[in-house]
Amino acid sequence: MATPLSDTSSSPSSSTASPIKTVAVIGLGTMGTGIAEVLAKAGRTVVGVDISEAATARSVAALESATARAVERGRLTERERAEVLARISTSTDLRTAAEADLVIEVAPESYEIKQQIFRELDGIVRPTTILATGTNALSVTRLAADSAHPERVLGLHFFNPAPAMRLVEVVSSVLTAPQAVTAVTDLAVELGKEPVAVGDRPGFVADGLLFGYLNQAAAMYEAKYASREDIDAAMRLGCGLPMGPLALLDLIGVDTARTVLEAMYSESHDRLHAPAPILKQLSEAGLTGRKSGRGFYTYEAPGSATVVPDALTPVAGGTGVAGRPVGPVGVAGSGTMASGIAEVFAKAGYEVVLAARSEEKAQTAKARIGKSLARSVDKGRLTAEAAAQTLDRITPAGSYDAFADVDLAVEAVAEDLEVKRQLFAALDKVCKPGAVLATTTSSLPVIALARATSRPRDVIGMHFFNPAPAMKLVEVVRTVLTADDVHATVREVCAKVRKHAVDCGDRAGFIVNALLFPYLNNAIKMVQEHYASLDDIDAAMKLGGGYPMGPFELLDVVGLDVSLAIEKVLHREFRDPGLAPAPLLEHLVAAGCLGRKTGRGFREYARR
């Protein structure tokens with residue numbers, strides 16, 4: 001028997017265009033409960049079904065709590081809350097879905113369980129009822145084929161938490177009737193969601209791109225290339241993501257991620273989708289993330305979001321090795337990155353020598369810094385006096401001979417190995433003994449630059465992100481020859497210039513680019529294979545993944561030529577076929593379509 005959540009009854013306050021008025025939600029876990037809340041708030045009658053009364057009771061309690069919070073925050077009135085709760089009833093009997101116009105199953109990710117539900121529903125619901133699966137890992141086509149009416153089966157993939165996340169992926173199989181897709185798409189719009197139409201393949205768009213990236217992050221951690229804290233900080237600060245990948249795996253559930261990746265790999269046979277062994281180890285040990293109280297991190301209690309220290313938590317104070325004293329700093333280069341880095345050091349109180357290939361280029365770079373500082377003054381971030389003092393600390397020079405007295409030389413010239421080698425050979429001759437020589441390369445081997453000098457122990461990577469004054473991250477890249485005190489020096493300097501340093505080894509892409517660019521490359525492959533449009537993929541990653549920019553927006557900003565060069569470096573280093581640059585990217589670069597800087601990349605831009 002159906003159990004109403006409230007004795008107060010109410011009909012929807014307004015009529016809607018969608019023919020879907022009554023919806024049954026099968027499976028009342030976190031996702032199913034969230035979907036029920038969204039539907040009821042939009043005026044739909046909702047029947048929630050689960051296998052046990054304990055599960056339905058938990059769902060009822062969660063709904064009452066969520067709507068009470070909405071009242072406290074002024075998002076609902078008490079009357080509206082009562083109306084929402086009155087629209088929802090719960091049951092343990094699947095037959096209560098008989099009158100539904102749409103059934104959404106959100107049962108565990110198992111073909112056996114989902115197919116059993118669909119077989120039973122075939123004998124319960126009307127022939128016109130649409131059956132939707134909430135899967136993000138299983139084949140919608142396979143589920144549809146097992147149904148008596150495959151034309152009415154489709155995928156409706158909400159994102160967690162369903163009330164907050166705007167993206168909904170509407171997944172068609174080759175058997176799905178267009179009318180069913182239209183009805184569900186219209187419903188999604190009326191729910192205040194952004195529907196994206198996609199075909200049937202594991203992961204669809206958002207998870208298809210997201211889980212490959214998460215898997216690579218898990219493999220990076222498992223290889224002990226970087227700590228969990230540094231991997232997560234790098235992706236948050238370097239890419240503007242709301243969460244780091246390992247923290248996100250803990251939130252999603254390590255076991256869930258493994259299931260999704262297994263399904264993706266069985267379809268793609270792409271090694272990037274083969275679950276990292278650590279996911280299996282953690283899953284089978286019951287260390288599934290937040291829900292168990294421990295995954296990649298340790299939590300205060302099962303279900304808690306509060307991380308507590310454990311045996312892997314970094315010790316405050318680091319290694320205890322003292323760095324070298326740093327007074328004057330040299331910055332080599334005259335481009336945007338060199339200017340930005342010089343500004344960062346000067347703002348922090350360092351005397352800076354900004355050297356370029358000519359006095360004119362160095363003066364132009366200093367003038368660029370002056371304009372940047374003036375903008376900061378206009379925005380109230382800096383006083384005019386502080387800006388003037390910062391600019392006074394910068395001395396332009398037309399020769400690297402001016403680096404004779406610097407304690408730290410930071411190279412920020414063209415991303416060309418031979419150009420950088422020649423520069424490091426020159427710095428080796430000019431800089432005093434004990435000076436630290438740092439490169440800002442984002443993709444080249446630091447050891448190759450170290451070997452161009454007679455002091456490879458003094459050479460280290462110091463990868464700033466663009467724009468350097470605004471971006472908080474610096475990847476500190478040690479080679480196998482870098483001295484401990486050189487590493488300590490750069491860490492100390494990062495702290496003084498208010499940057500967050502993350503440690504990593506000297507391999508292609510370091511942390512950020514090694515995780516970011518395979519994700520971008522996979523997005524290009526989706527378009528290349530006509531799986532989804534540029535706009536839908538960008539929308540999916542912004543709305544479903546919390547990314548500040550979609551992959552194609554980002555590619556056009558970075559530059560397609562730069563992106564292709566990094567993809568080639570990664571492919572050459574790791575020899576993984578899945579990292580081979582997408583042919584579409586190579587074709588666009590060959591055609592001179594490099595992104596915003598040329599007016600055309602994946603999209604066209606107005607010329608300035």
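Q: Which elements do the buried residues of α9 pack against?
A: In this predicted model, the buried residues of α9 pack against the helices α7 (206–222), α8 (228–239), α10 (254–268) and α11 (277–284), together with the strand β10 (298–299).

Q: What makes helix α9 (residues 245–252) mostly covered?
A: Six of the eight residues of α9 are buried, and these are Pro245, Leu246, Ala247, Leu248, Leu249 and Asp250. Just after the helix comes Gly253, which takes a positive phi of about 110°.

Q: Why is Lys499 called buried?
A: The relative accessible area of Lys499 is 9%, and the cut-off for a buried residue is under 20%, so Lys499 counts as buried. The residue has its place in the loop between α17 (484–496) and β19 (500–505).

Q: With which residues is Lys499 in contact, leaving aside its neighbours within four places in sequence?
A: Lys499 is in contact with Val344, Phe464, Cys494 and Val474, and also with Ala468, Pro469, Ala470, Met471 and Lys472. For one of these, Pro469, the separation is 30 residues in sequence, while the two C-alpha atoms are 9.5 Å apart in space.

Q: Why is the pair of Phe345 and Tyr350 called edge-to-face?
A: The structure holds six aromatic pairs. In the pair of Phe345 and Tyr350 the ring centres are 5.7 Å apart and the planes stand at 80°; centres must lie within 6.5 Å for rings to pair, and planes over 60 degrees apart count as edge-to-face, so this pair meets both conditions.

Q: How do you know whether Phe345 and Tyr350 are buried or exposed?
A: Phe345 has 0% relative accessibility and Tyr350 has a relative accessible area of 8%; as buried means under 20%, both residues count as buried. Ring pairs also link these two residues with Phe464 into a cluster.

Q: What makes α12 mostly covered?
A: Nine of the twelve residues of α12 are buried, namely Ala338, Ser339, Gly340, Ile341, Ala342, Glu343, Val344, Phe345 and Ala346. From its first C-alpha to its last, α12 reaches 16 Å, close to the 16 Å expected at 1.5 Å a residue, and the helix is followed by Gly349, whose phi is positive, near 100°.

Q: Why is strand β17 (residues 459–464) said to be largely enclosed by the rest of the structure?
A: Six of the six residues of β17 are buried, so the strand is largely enclosed by the rest of the structure. Val459, Gly461 and His463 point one way from the strand, whereas Ile460, Met462 and Phe464 point the other way, and all are buried.

Q: How do strands β16 (residues 436–439) and β18 (residues 473–478) pair with β17?
A: At least two bridges are needed before two strands count as a pair. Strand β16 is joined to β17 by three bridges, and these strands run parallel; β17 and β18 pair over four bridges in the antiparallel sense. Gly461 of β17 has Thr439 opposite it, and Gly461 also stands opposite Val477 in β18.

Q: What shows that both faces of strand β6 (residues 130–133) are covered?
A: Ile130 and Ala132 on one side of β6 and Leu131 and Thr133 on the other are all buried. Four bridges join β6 to strand β5 (residues 102–105), and the two strands run parallel, with Leu102 standing opposite Ile130.

Q: Which residues of α13 are buried, and why are they said to line one face of the helix?
A: The buried residues of α13 are Ala362, Ala365, Lys366, Ile369, Gly370, Ser372, Leu373 and Ser376. Seen down the axis of α13, these buried residues fall within an arc of 165°, so they line one face of the helix. What covers them includes α12 (336–347), β13 (352–355), α14 (384–392) and β14 (394–397), while the face turned away from the buried side carries the exposed residues Glu360, Lys371 and Asp378.

Q: What makes the reach of helix α13 (residues 359–378) close to the expected value?
A: The helix has 20 residues and spans 29 Å from its first C-alpha to its last, which is close to the 28 Å expected at 1.5 Å a residue. It is followed by Gly380, whose phi is positive, near 80°.

Q: How do you know that Arg142 lies over the face of Tyr111?
A: Arg142 is placed at 3.6 Å from the ring centre of Tyr111, and the distance limit is within 6 Å. Arg507 likewise lies over the face of Tyr225, at 4.1 Å from the ring centre.

Technical notes
Residues are numbered from 1 along each chain as its sequence is written. This is a predicted model: local features need pLDDT of at least 70, side-chain atom pairs count only at pLDDT 80 or more; totals for chains, interfaces and linings use all residues. Side-chain values use heavy atoms; hydrogens and water are left out. The expected span of a helix is 1.5 Å times one less than its number of residues. Buried means under 20% relative accessible area, exposed over 50%, partly exposed in between (1.4 Å probe, protein chains only). The arc is that of the directions from the helix axis to the C-beta atoms. Contact means heavy atoms within 4.5 Å. Rings of Phe, Tyr and Trp (its six-membered ring) pair if their centres lie within 6.5 Å; planes under 30 degrees apart count as stacked, over 60 as edge-to-face and the rest as tilted. A charge sits over a ring if NZ of Lys or CZ of Arg is within 6 Å of the ring centre and within 35 degrees of the ring normal.
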